[in-house]
Amino acid sequence: MVMVGFGTNQTAKDSLLFDIQHRNLGGSLFLGYNVKNPSQIKSLNTELQSQAATPLFLAIDQEGGIVARLDESNGYKETYNHYQLGTEFDSEDSTRAVAALMAGWLNDAGFNMNLAPVVDVNVNPHSPAIGGKDRSFSNDEYNVYLHASWFMDEFHKLNIATSLKHYPGHGSALEDSHNGFTDITDTWEDRELDPFKFIIENGYSDAIMTGHLFNENWDTKYPASLSHYAITTILRDSLGFDGVVISDELFMDAIENNYGLDEAIVETINAGTDILLFSTNLYNGKSLPGFIISLVTEKVNDGTISNETIDEAYNRIMDLKDLRIITGNEDYEPIADLPKNISVSNYPNPFNPVTTISVTLEKSSEVSVRIANSVGQIVQNLEKSRWSAGTHTFRFDASNYASGVYFVMLDTDNNRQVHKMLLLK
């Protein structure tokens, strides 16, 4: 249920890999600074996918025009934007040709999700996030539906999932939700729902991205992205959408400046959203997925979020992965459901500053033991050798480390175990 972007430094990458390997991270978002050239992109996607027990959504924004992460700056080409395709050319052949070109790029690079097309109706051609950036196909809602359908079809031919955006319609807004609270109460028109409605009626079940768009007539407290009425009552129950709902980026100013992170996460999930999207994988220097997992676990345990809500989101996500995902890596071998032939413990736990780690093997194996901090950085390599069956113990001295959570990461020939320790000084 979590998709995160990641920075270019080693700490961000180490944390991302740790979250993929040990927290079953659902997906990763690539931004402009993550994509250098075709070879680098393919290599990175292959590396990330190869570490996942459950195949990842590897997502990118590739609309064409100004919002195209793959372009002439990193080994690809400049592409036409939605407005050119839907209004200036208004040709099925042109829209399909541009979409097919970009779909081929994504497929070759190892991406399996495109956070596009934009189906916002161009109600206000000067709207700063949409019309002002030529991101809408047309002022005519039916024309938006047609071009979006042709666009998506070319990606679906290569089993690349798509995501319509920005529900319930950003095309009339006077503000940009990247930059602050965006109130569409007095500008939004009912016809902005039509492209979503038409596409859903045509059998669409990939993903729809919600916008951070406040409409007082729908919800007097929350924007659509956090609103149960907007997502469950209207999108799911009224429009009949049973696919994946993904939030727009949850660190945008429209959310961050008006709602606390805890509140935003809880309300987004309870609204009926399946995937929480963030531009970064670190929060206060630590793993953001780790923080989210802890928070959601707490809220499930105290009844704020129901188990049923989590199960329904999981099932929708897995249905889409089953429908669309191709890992693009012939050497990919899942690590789930392997025999549990090892156990790991430590005593004392919590400890200060020394603890004894015990590892029990049922049979002889090549063993690697590493210690990682809370953001997934390896702080010590303790052992790498072949061990006999039985119990092995060794000492971990954390005198030089700060208080916090640490993980014993133990790999054998056919298994992986992670054990949590707490250093309290």
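**Reading the model**

Tutor: In this predicted model, the crossing that H9 makes as it passes H10 is right-handed.

Student: At what angle do the axes of helix H9 and helix H10 cross?

Tutor: H9 (residues 261-271) and H10 (residues 288-301) cross at roughly 65°, and their axes come within 11 Å.

Student: Which residues of H9 and H10 meet?

Tutor: From H9, Leu261, Asp262, Ile265, Val266 and Ile269 take part; from H10, Leu288, Phe291, Ile292, Leu295, Val296 and Lys299. Sorted by class, the contact of H9 with H10 has 9 nonpolar residues, 2 charged residues and no polar ones.

Student: Now the sheet. How do strands pair in general?

Tutor: Strands of a sheet pair through backbone hydrogen bonds, in either a parallel or an antiparallel sense. Here 4 strands make an open sheet with antiparallel pairing, in the order S16-S15-S18-S19.

Student: Why is one side of S16 and of S19 left without a neighbour in the sheet?

Tutor: Strand S16 (378-387) and strand S19 (416-423) stand at the edges and each has a single partner strand, so one side of each has no neighbour in the sheet. On average, neighbouring strands of this sheet are turned by 15° against each other, direction ignored.

Student: Over how many bridges does S15 pair with S16, and over how many with S18?

Tutor: The antiparallel pairing of S15 and S16 runs over 8 bridges. Strand S15 (residues 365-372) also pairs with strand S18 (residues 404-411), again antiparallel, over 5 bridges. Ser368 shows both pairings: Lys384 is its bridge partner in S16, and Asp411 in S18 stands opposite Ser368.

Student: Is S15 mostly covered or mostly open?

Tutor: S15 is mostly covered, with 6 of its 8 residues buried. Helix H1 (residues 10-22) lies across S15, S18 and S19 and runs at about 65° to S18.

Student: Last, a single residue. Is Asn143 buried or exposed?

Tutor: The cut-off for buried is under 20% relative accessible area. Asn143 has a relative accessible area of 14%, and is therefore buried. Asn143 belongs to helix H5 (residues 141-156).

Student: What is Asn143 in contact with, leaving aside its neighbours within four places in sequence?

Tutor: Asn143 is in contact with Gly86, Asp90 and Ser138, once those neighbours are left aside. With Asp90 there is also a polar contact of 3.3 Å, which joins the side chains of Asn143 and Asp90.

Definitions and conventions
Residues are numbered from 1 along each chain as its sequence is written. This is a predicted model: local features need pLDDT of at least 70, side-chain atom pairs count only at pLDDT 80 or more; totals for chains, interfaces and linings use all residues. Side-chain values use heavy atoms; hydrogens and water are left out. Helices (H or I, at least four residues) and strands (E, at least two) are DSSP runs, numbered from the N terminus. Buried means under 20% relative accessible area, exposed over 50%, partly exposed in between (1.4 Å probe, protein chains only). A polar contact is a pair of N or O atoms within 3.5 Å; within protein, one must be able to donate a hydrogen and the other to accept it, and residues adjacent in sequence count only if both atoms are side-chain atoms. Contact means heavy atoms within 4.5 Å. Two strands pair if DSSP finds at least two bridges between them. Axes are lines fitted to C-alpha atoms, for helices over the stretch in contact, and angles run from 0 to 180 degrees between N-to-C directions. A crossing is left-handed if the near helix is turned anticlockwise from the far one by less than a right angle, and right-handed if clockwise. Ala, Val, Leu, Ile, Met, Phe, Trp, Tyr, Cys and Pro count as nonpolar, Asp, Glu, Lys and Arg as charged, and the others, Gly among them, as polar.
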